[in-house]
Amino acid sequence: MDGYEKVGNFSPRTDLAIEISNALKLDRDDSYEIPGVEVKQKALEEGALAVTKVRILNTEGEKNMGKPIGDYITIESNGLKQNNPELHEKIISVLAEAIKSLLPEKKQDQLNILVIGLGNRFATPDTLGPKVANQVFVTRHMALKAPELLDEGVCYLSSFAPSVMGLTGIETAEVIRGVADNVKPDCIIAIDALAARSATRINTTIQITNTGISPGAGVGNKRKELNEATIGCKVIAVGVPTVVDTVTLVSDALNDLISHMLKQAEHSPFYDVLKDLTAEEHYQLIKESIYPEISDLFVTPKEIDEVMEYLSSIVANGINLAVHHGMTLKDINKYTY
């Protein structure tokens with residue numbers, strides 16, 4: 001997805017539409033609506049789970065958000081990064097419904113779905129895509145060799161993890177386009193690790209969108225876009241933020257420090273200077289101060305290895321339930337574990 005670093009309406013790097021909309025609403029009245037954008041929020045499980053739907057309606061909304069017209073569904077829960085099987089099942093159900101709502105309709109035959117696991121399997125925070133690709137319930141080979149074994153509620157699903165250009169020397173979009181030309185899917189579901197604006201969203205947020213994806217955009221390594229125009233079929237992107245950039249972390253710490261200093265130093269000669277600093281000025285000040293030593297570093301939690309196992313299982317099973325609508329989670333686990 002497109003990394004967002006807008007100057008007019010400032011927001012540091014993020015792949016999340018919800019963070020961009022929140023930044024645009026900052027210091028606005030609660031009733032303010034972003035022109036061309038519709039935002040709906042819903043809390044579930046007594047607040048343990050939240051779903052936000054951001055819909056970019058037109059070119060005005062596209063310009064304001066810096067993202068393509070389409071739907072962006074965000075699922076938030078601290079339980080994503082915790083060993084909580086009961087809550088994970090509920091999150092899987094919500095995720096499955098979100099993916100299902102974006103799938104193309106097909107009245108005859110079964111959907112032909114291609115799952116693409118983007119990312120570098122040798123870099124832990126970037127292994128979400130390859131791990132999910134290994135855990136989805138693939139059926140296309142059975143559909144080709146023994147179609148009588150598949151029930152009506154099971155789609156034709158294939159999966160592929162193309163790795164990254166730094167390891168293959170091949171543009172990821174070119175590899176995927178070649179596979180898609182042969183598989184001819186009705187829809188591609190692409191999974192990738194994302195970057196977030198806020199550290200609180202790391203490993204606690206899932207974004208689903210029907211606008212495609214731009215691998216590596218959130219960390220400033222943008223590759224060719226994967227969308228209907230470039231691939232030839234609908235592309236649904238599912239991503240989880242697993243990193244945040246160092247400048248954002250330091251900038252947030254500075255904001256907190258300044259807020260504390262302002263409370264303590266209303267009569268200080270530095271008061272007027274500090275209170276007039278904008279969020280953009282905070283960010284740029286920190287970026288220039290720590291450049292080039294650590295300004296391009298990205299940070300991930302120390303327990304990322306364990307959390308990645310939870311996340312990959314949740315995302316894979318959300319996809320499984322969405323596309324294999326005739327199967328339950330219990331049915332799927334018999335074949336994928």
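Which residues in α3 meet which residues in α12?

## Overview of the model

The structure described here is a predicted model. The protein contains 13 helices and nine strands, and of its 337 residues 49% are buried. When contacts between residues at least 6 apart in sequence are considered, 72% of them join residues that are at least 24 apart.

## Helix α3 and its contact with α12

Helix α3 covers residues 85-102, and its 18 residues reach 26 Å from the first C-alpha to the last, which is close to the 26 Å expected at 1.5 Å a residue. The buried residues of this helix are Leu87, His88, Ile91, Ile92, Val94, Leu95, Ala96, Ala98, Ile99 and Leu102. An α-helix has 3.6 residues a turn, so residues three or four places apart point the same way.

Helix α12 covers residues 304-323, and its axis comes within 8 Å of the axis of α3, the two crossing at roughly 50 degrees. The two helices are therefore oblique to each other, and α3 passes α12 in a right-handed crossing. On the α3 side, the residues that take part are His88, Ile91, Ile92, Leu95, Ala96, Ile99 and Lys100, and they meet Tyr310, Ile314, Val315, Asn317, Gly318, Ile319, Leu321 and Ala322 in α12. Sorted by class, the residues of this contact comprise 11 nonpolar, three polar and one charged.

## Helix α4 and its contact with α12

Which residues of α12 does α4 meet? Helix α4, made up of residues 128-135, has an axis that comes within 8 Å of the axis of α12, and the two cross at roughly 50 degrees. That angle makes α4 oblique to α12, and the crossing of these two helices is right-handed.

From α4, the residues Leu128, Lys131, Val132 and Gln135 meet Met308, Glu309, Leu311, Ser312, Ser313, Val315, Ala316, Ile319 and Asn320 in α12. The contact of α4 with α12 divides into seven nonpolar, four polar and two charged residues.

If its neighbours within four places in sequence are left aside, Glu19 is in contact with Thr14, Ala196, Arg197, Ser198 and Arg201.

## Two loop residues with positive phi

Lys184 lies in the loop between α7 (172-183) and β6 (187-195), and its phi is near 55 degrees, a positive value in a residue other than glycine. With a relative accessibility of 58%, Lys184 counts as exposed, because the cut-off for exposed is over 50%.

Asn203 is found in the loop between β6 and β7 (205-209). Although Asn203 is not a glycine, it has a positive phi of about 65 degrees. Its relative accessibility is 1%, and Asn203 therefore counts as buried.

Notes: Residues are numbered from 1 along each chain as its sequence is written. This is a predicted model: local features need pLDDT of at least 70, side-chain atom pairs count only at pLDDT 80 or more; totals for chains, interfaces and linings use all residues. Side-chain values use heavy atoms; hydrogens and water are left out. Axes are lines fitted to C-alpha atoms, for helices over the stretch in contact, and angles run from 0 to 180 degrees between N-to-C directions. Helices (H or I, at least four residues) and strands (E, at least two) are DSSP runs, numbered from the N terminus. Angles under 35 degrees count as roughly parallel, over 145 as roughly antiparallel, 65 to 115 as roughly perpendicular and the rest as oblique. A crossing is left-handed if the near helix is turned anticlockwise from the far one by less than a right angle, and right-handed if clockwise. Contact means heavy atoms within 4.5 Å. Ala, Val, Leu, Ile, Met, Phe, Trp, Tyr, Cys and Pro count as nonpolar, Asp, Glu, Lys and Arg as charged, and the others, Gly among them, as polar. The expected span of a helix is 1.5 Å times one less than its number of residues. Buried means under 20% relative accessible area, exposed over 50%, partly exposed in between (1.4 Å probe, protein chains only).
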